[in-house]
Amino acid sequence: MLRFRKHKFAFVADIKKMYRMILIDPNQRDLLRILFKAEVNDPVKVYKLCTVTYGTTSAPFLATRTVQQLAKDEEKDFPLASSVLLHDVYMDDVLTGEDNLIKAKDMQQQVISLFDRGGMELHKWSANNQSLLCDEMKESDYSFSKETKTLGILWKPQPDCFGFNLIIAQSEVYTKRAVLSQIARIFDPLGLLGPIITKAKIFLQKLWLLKLDWGDTLPLKENTEWQSFLNSLKFVNLINVPRWILSEQSISVELHGFADASELAYGAVIYVKSINSNGGSEVKLLISKSRVAPLKFVTIPRLELCAAVLLSKLMRRVLRALKLDVSKTYFWTDSTIVLSWLEKECKELKTFVANRISIIRTLTVAEQWNHVPSKQNPADLISRGMDPVKLQLCELWWSPSFLLQPEMTKCLDSPIETNDLYIRELKSNPSDLLSRGLKAESLLHNEGWWNGPSVLQSDELPETVCERSDPDEHYLPQLKSKNSKDDIVLTLNSNKTFFNYIVNRSNRILTVVRILSFLFRFISNCRNPESKRKGSLTSEELSVAEHFLIKQCQFEVFSAEVTGMTGDNISNKSKILNLSPFLDNKGVMRVGGRLENSQLPYSGKHPIILPSKGANRALRDLNKLVRDRNESLYAFFAEENIEWSFIPPRSPNWGGPWEANIKAFKYHFKRVAGNSKFSYEELLTLTTQIEAILNSRPLTPLSADVDDLEVLTAAHFLIGRPITAIVEPSLIDFETDRLNVWQRITKSVQTIWKRWSLSYLNGLQQRKKWVVDNENLKIGDMVLIREENLPPCKWLLGRAIALYPGQDNKVRVVDVKTSKGIYKRSINKLSVLPVEN
């Protein structure tokens, strides 16, 4: 549509029965079968469609691709028509033209001949010059009507302008659905009615804020406002926009883009300025685009910046589509703040502004941007909206007069170095604020002053050393001697809010500990300048900072207990009295009690007492550390003073219980998988399901209650609950060659489950020699019932509720209570869960 506006002589046509003119490859016609019968009792006939069929998904692509291939095949014989078919045809519509009438006629004849080569015919011709409607055309092939639809836009060929024909549905009461329906009828892909559409968008956004349903009627105020807008919308049909954007004998073309924003919306508009050989010039509206402001509050300078980004993207789109020799391109904005941001380096700006400035610099050149007063900025209309009655007579929108000047003068920018909105988006250094000065209101929102420069917000603070290789005569006298005692003055601020600020800087304990470690290093280096610490943090420094953090957290929550333990007197009302707390040699409160006599390490005998908030944070950090493999797990263990204990090579028996689990996995996996080949995803799926099977095994009852059938499993230590699995149909008896990938993996899992579960149940049954009396089952014992058809991860649990001893008082039959009822089973079908050991 944009290219259609650059031709002086223009014509449009339509490909007659386009789909029916394109044959389908005979090998593909089986995919286009239809069933048909004339009468109800007639036999069904099968037809194969030979041409492209309307309604199929591939039809538009096949038709377009055929036209493009036709243009490429016949390019040598019809060079002008080939270019038209490749660039000026949309589906079955042809929109093209030329600046010369003779060349336009030649192009028209080539287009007709080229389509004739492909067995296609053009009809529904329309042109802005009657000589382009050939005498050879049939009367039904061309139209002298004053109006014709061109890609959904109303084109009047004889006055050669675009018009609008809106159908307005009047009513007394409107709903949100009716409002959206009316707005959708305003089809304006070029944005010629940009201010009107912006006003409609703003009104629709207002309805969203009212949280109305689609069928709800508008409130009285909004209903009246919408009726007023519809009454003025009928004047849109009186607006005519010239199609041709150039002037007679044009020798130079310039593009001028404007951007502006308001609290409600922002937008961009582009004009074409054509200069003829006589020095005269014409300015015409080309295209515009608008967007409503987000519901979340955004400052006006940021919205102005978004408008500048929108203009940059719109200009790139226009330059690519127009394919016109443009001598100069101008970008205009009335925001001096945006122009100042364009002169800054992206690293000096905050993320929001820096990202958009980077986009603008990629698409444009800084020298192309200029300042325009708000009164002369036509984009101001599209950012605020305008009624159709006023827009029809608005000269600023259709042809800004100041663009007709032969020399474009740049307006002087006002100084903004002290503008609050400008300074807020800079990554300012606190020392810059002292030298420049700042208003109190701006200082309140300046993060650089309150939070410090961005370099201090990183986890690792660099060691910076400033050296001067050639000190001059003015530099040396300002240095104090090494013997001076007044070199350093430290000020200590013991404010509780400072500690809270440090702790709340991050949700990661390690980050807080590192920050405190650097602070303690700074204090130590100031006190001992002769033995400064440099380089990476040591484990000793991290330990000191960690103990300080723990003591502060303990004192904040357990201040009464800490004070009482200092004087050997703890209140009987203390919540942690049962933990027998005490203070170690570093002042950290730990748990006392009988574990002191165990052989556990000191941290295991006497765990540190932490508030629930701090303990939960520590667990979250540990979980995130293990889950996130980007960080070094070994570094974490080193910081936590965790030592590795290695077993000898090829000695799995040293591993104990965890190696036994690995053995159980490898034993069954090797026998089931055999020589099968798995992809990475298949192997990962299989091993994950085997892991779930092993971790689903019951270990011990959770309680002694007869009605409680819950047991502790290995999964409780991993995810805090038992593992469940979706029941799949049994595939064990099926041949592997008949199964697909997922079924093959499922069969392997089911086979492993059947073998391993049986092995696990046998291990729970302790078969002793006959010289040793086996202990009878007791009422209330938790047992596993042997069932052959249970799916993976499913265990049948029960409690013994009745015993049936024999003549020798040995229990061989019991009644078991399960979740589904009571069953009588022999003891060789039961496996007792251990309660101890």
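In this predicted model, strand 12 (residues 265–276) runs antiparallel to strand 13 (residues 281–292), and the two are joined by 11 bridges.

Stepping back to the chain as a whole, the fold contains 27 helices and 24 strands. Of its 837 residues, 39% count as buried. Among contacts between residues at least 6 apart in sequence, 64% join residues at least 24 apart. The accessible surface amounts to about 51,800 Å², with 53% of it belonging to carbon and sulfur atoms.

A search of the whole structure returns 17 aromatic pairs. In one of them, Phe-331 and Trp-369 are stacked, with 5.0 Å from centre to centre and 25 degrees between the planes. Phe-331 belongs to strand 14 (residues 328–333) and Trp-369 to strand 15 (residues 369–371), so this pair ties together parts of the chain that are 38 residues apart in sequence. Phe-331 is buried, at a relative accessible area of 2%, and Trp-369 is buried too, at 6%.

A pair of tryptophans gives another geometry. The ring centres of Trp-753 and Trp-795 are 5.0 Å apart and the planes stand at 75 degrees, so the arrangement is edge-to-face. This pair also links distant parts of the chain, 42 residues apart: Trp-753 sits in helix 27 (residues 741–764), while Trp-795 sits in the loop between strand 20 (782–785) and strand 21 (797–805). Both Trp-753 and Trp-795 are buried.

Elsewhere, ring pairs connect Phe-258, Tyr-271, Tyr-330, Trp-332 and Phe-402 into a cluster. Rings also meet charged side chains. The charged end of Arg-671 is placed over the ring of Tyr-667, 3.6 Å from the ring centre.

Turning to charge pairs, the structure holds 19 salt bridges. Among them is the one between the side chains of Lys-8 and Glu-248, with an N to O distance of 2.9 Å. Its partners are 240 residues apart, Lys-8 being in the segment before strand 1 (9–15) and Glu-248 in the loop between strand 10 (241–242) and strand 11 (250–261). Lys-8 is partly exposed at 24% relative accessibility, and Glu-248 is likewise partly exposed at 44%.

A local example comes from helix 10. Here Arg-384 forms a salt bridge with Asp-380, the closest N and O atoms lying 2.8 Å apart. The two residues are separated by about one helical turn, because Arg-384 and Asp-380 are 4 residues apart in helix 10 (residues 379–384). Arg-384 counts as exposed at 51% relative accessibility, whereas Asp-380 counts as buried at 17%.

A further salt bridge joins Arg-744 to Glu-682, with the closest N and O atoms 3.4 Å apart. Arg-744 lies in helix 27 and Glu-682 in helix 25 (residues 680–695), so the contact ties together parts of the chain 62 residues apart in sequence. Glu-682 counts as buried, at 15% relative accessibility. Finally, salt bridges with shared partners bring Asp-30, Arg-33 and Lys-48 into one network.

Terms used. Residues are numbered from 1 along each chain as its sequence is written. This is a predicted model: local features need pLDDT of at least 70, side-chain atom pairs count only at pLDDT 80 or more; totals for chains, interfaces and linings use all residues. Side-chain values use heavy atoms; hydrogens and water are left out. Rings of Phe, Tyr and Trp (its six-membered ring) pair if their centres lie within 6.5 Å; planes under 30 degrees apart count as stacked, over 60 as edge-to-face and the rest as tilted. Buried means under 20% relative accessible area, exposed over 50%, partly exposed in between (1.4 Å probe, protein chains only). A charge sits over a ring if NZ of Lys or CZ of Arg is within 6 Å of the ring centre and within 35 degrees of the ring normal. Two strands pair if DSSP finds at least two bridges between them. Contact means heavy atoms within 4.5 Å. Accessible areas come from the Shrake-Rupley method with a 1.4 Å probe; for residues, only the protein chains shown count as cover. A salt bridge is a side-chain nitrogen of Lys or Arg within 4 Å of a carboxyl oxygen of Asp or Glu.
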